[in-house]
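This report walks through a structure for a reader who is meeting it for the first time. Please look at the sequence and the model below before reading on.

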Amino acid sequence: MKSFLFNIGYFIKESGRVIKLNLLSNIFSVIGTGLILLLLGIVITGTNIGNRLVLMLNEEAEVNGYFSETLTSEQREDIATKINNMDGVRSTRIVDEDEAKTRMEDILGEEAKILELFDDNPFEAFVEIRINVDAMDSVIDNVKSTAGIEYVRDNRDVLEKIQDITYALKVLGYLMIAAVGITTFIILSHMIRQGIYNNKDQINTLKLLGSPSAFIGFPYVLTGVLLTLLGGIIAALSMVILINGAYDSMVGTIPFLPLPAREELIEQMTLWLPSLSLILGFFGSLFGLSSIREKS
Amino acid sequence: MIISNNVSLIYPDKTQALTDINLDIKPGELVYITGPSGSGKTSLLKLIMGMEYPTSGTLSVLGRQVNNSRAGNIRRIRRSIGPVFQEFKLIEGRTSLENVMMGMRFLGVKPKLMKDAANEALEEVGLGHKKMSKVENLSWGESQRVAIARAVARKPSLILADEPTGNLDYDNAINILGLLKSFRNENTTVIITTHATHLIKDEQNATFISVDKGRIAIERRYR
Ligand SMILES: Nc1ncnc2c1ncn2[C@@H]1O[C@H](COP(=O)(O)OP(=O)(O)O)[C@@H](O)[C@H]1O
Ligand SMILES: [Mg+2]
C-alpha cells in the first residue's frame, strides 16, 4: 500500500509509456470500445423509449364488458363496482348508450350521417375496464363470468403483442450488455497482452528483483482503465450529438411519440457510459492480467 | 542464511547441472564460487534466486524455502537480494538513475529516500556523472557499474554477482572485485562467481566454493 502511494507518479508515467509504445493499436482499441459503447448507448436509449411507450400503452389497456339489455342503471353500477374490486382491475367507467353513440360519431366525423339511418340508438351500454396487462387473462375470465355481463370485447391480440415487444426489448438490452461486456473484455485483454509482450524484458527483470505482481501489473490496469474510459467518453459525446440531432429533426413531426425529456436522456448517457466504461476497464484489465499467469 | 541439503538440479533436457550440494553460508561471509565454464556456477546462483528449483534436496535462503510452493515466497527472497546478472538486465529506454530506483520502488521506501539512495549508490560505483544517461548509451563497464549500483542501493542482505570479471582486463577486474567486496559487512553476504581463479588466489578472508561438473568442494580461509 505504501509502495503504491509512493509510486503513483511512476504508474501514471508508465502507463503513458505503455500507451505510446503501441500507439496505433491502442487508438484502434479506443475507437473499437467507443463504437461498442455507442451501440450500447443506442440500444439502452431505444429500450428506454420503448419501455415508456409500453408503459403508456399499458395504461391504455382496457377491455369492455357489455351489459345485458334488461339491467337498470343501479344494477349496472353494482356490476361496475364489483368488477372494480377484482384483482388486476385499475378502474372502471360506465359508458351508456348515448355516450357510445357520441363516441362513434366522433370517430366517424363526416361519415356520422350514416348513423341517422337508424331509428333507435343501435349502441349498447358497456363498462370500460382499465386493467393491468399482466393480469389480463384472469380479468377477462372473471368479467366474462360476471352475472349481467353479456359478452366481453378485448384487444388481447394487441396487448399480447405489446407484452412480446417489451420482453424482446428487455432481452435485446441484456444481450447487448453481455455482448459489450464480452467484447470489451476481449479487446482489453488483447491490449494488455500486447503491452505485456512488448515489455516482457522489463517485466522479467522486475520479477527477478522481487517485484510483487501487483506492482508490475498496475500500470497495465491503469492503461486499460484510461483507454476504456476514453472510449466511454467518446461514446457518450457521440450519443449527445445523436440525441440532439434526433430530437431536433423530430420536433413537431411525431408529436404523439412519448419521448423522454432530451435532457434526461443526455444526462443518463453522459453519466452511465463513462461509469460503465470505467467498471468494464477495471475488471477487463484485471481479467487480461490474470489470463497471463506464469511462474515467478 | 543459505542452507542446502543434498540439492541436485537437473534441467528439463536431463542435463545434471548440480549434484548433492550441501551448503551453510552465514551472514557476512564473502564467497567466491569458482570453476571452469559449464561447471554449474550460474546454476547455483539461479537456485539461490529461485530462478530454478532443486530437483531433489532442500534449499533455504534467508529463512525461506526455495521450492515451487508459492511465487510470493520467491519474490520475498529476491527483495532481500542484490543481483548483478552476467548480462546485467538493465531496463533500456531509461536512465541510470531510473534503473537504480527501479530496484527499490516496490520496497516501500519514501520517494525522496529512494532517490537519495540511488544517487549515493551511483556515486559509490563512480557513475555519478552518468546518472541521467540512458543505459543503452553506456559502455559495457559503465553498464556493469549501474547494475552494481542497482543491486546495492536497495541495501540487500545478500549480493550475488555472476562473472563480474567477465571480459575485463586485470586492473579493471581487480577494481570491480574490490568494489563488490567493499559492500560486505556483518549483515551483508557477498557471493561472486568467477572462472578467473588467479584474481583471487591471494584472498585470505573468504570462503571458496569450487565447482567441478556440478559437484562442490568448500574451503574457508579466514584469519
Ligand atoms: N536452462 C538450461 N537448460 C539446460 N541445460 C542448462 C541450462 N542452463 C545451464 N545448463 C547446463 O548446465 C551446466 C551448468 O551450466 P552453468 O551453471 O551455466 O555453468 P557455469 O555458470 O559454471 O558456466 C552446463 O552444462 C550448461 O550447459
Ligand atoms: Mg555462468
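In chain B, strand S3 (residues 30-34) and strand S8 (residues 189-194) pair in the parallel sense over 5 bridges, where helices (H or I, at least four residues) and strands (E, at least two) are DSSP runs numbered from the N terminus, and two strands pair if DSSP finds at least two bridges between them. Within this pairing, the bridge partner that Ile33(B) has in S8(B) is Thr193(B).

The model is a predicted one, in which local features need pLDDT of at least 70, side-chain atom pairs count only at pLDDT 80 or more, and totals for chains, interfaces and linings use all residues. Residues are numbered from 1 along each chain as its sequence is written, chains are lettered from A and ligands numbered from 1 in the order in which they are written, and side-chain values use heavy atoms, with hydrogens and water left out.

**The sheet of chain B**

The sheet of chain B is open and holds 6 strands in the order S6-S7-S8-S3-S9-S10, with mixed pairing. Because strand S6 (81-84) and strand S10 (215-221) of chain B each have a single partner strand, they stand at the edges, and one side of each is left without a neighbour in the sheet. From one strand to the next the twist averages 15°. Helix H5 (residues 140-153) of chain B lies across S6 and strand S7 (158-162) of chain B and runs at about 175° to S6(B); axes are lines fitted to C-alpha atoms, for helices over the stretch in contact (heavy atoms within 4.5 Å), and angles run from 0 to 180 degrees between N-to-C directions.

**Domains**

In chain B, 13 residues of domain 1 are in contact with 12 residues of domain 2. The area buried between these two domains of chain B is about 1100 Å², of which carbon and sulfur atoms give 67%; buried area is the accessible area (1.4 Å probe) that two parts lose on being put together, summed over both. On the side of domain 1 of chain B, Arg79(B), Pro156(B) and Phe183(B) lose the most area to domain 2 of chain B, together 45% of what that side buries.

Across this interface in chain B the rule finds 0 salt bridges, a salt bridge being a side-chain nitrogen of Lys or Arg within 4 Å of a carboxyl oxygen of Asp or Glu.

**Between the chains**

The contact between the chains takes 22 residues from chain A and 25 residues from chain B. About 2100 Å² is buried between chain A and chain B, and carbon and sulfur atoms give 58% of that area. The count between chain A and chain B is 1 salt bridge, and Glu14(A) forms a salt bridge with Arg94(B), the closest N and O atoms being 2.8 Å apart. On the side of chain A that touches chain B, the elements that give two or more residues are helix H1 (2-6), helix H2 (8-21), helix H8 (200-208) and helix H9 (213-250) of chain A. The largest share of that side, 6 residues, comes from H8(A).
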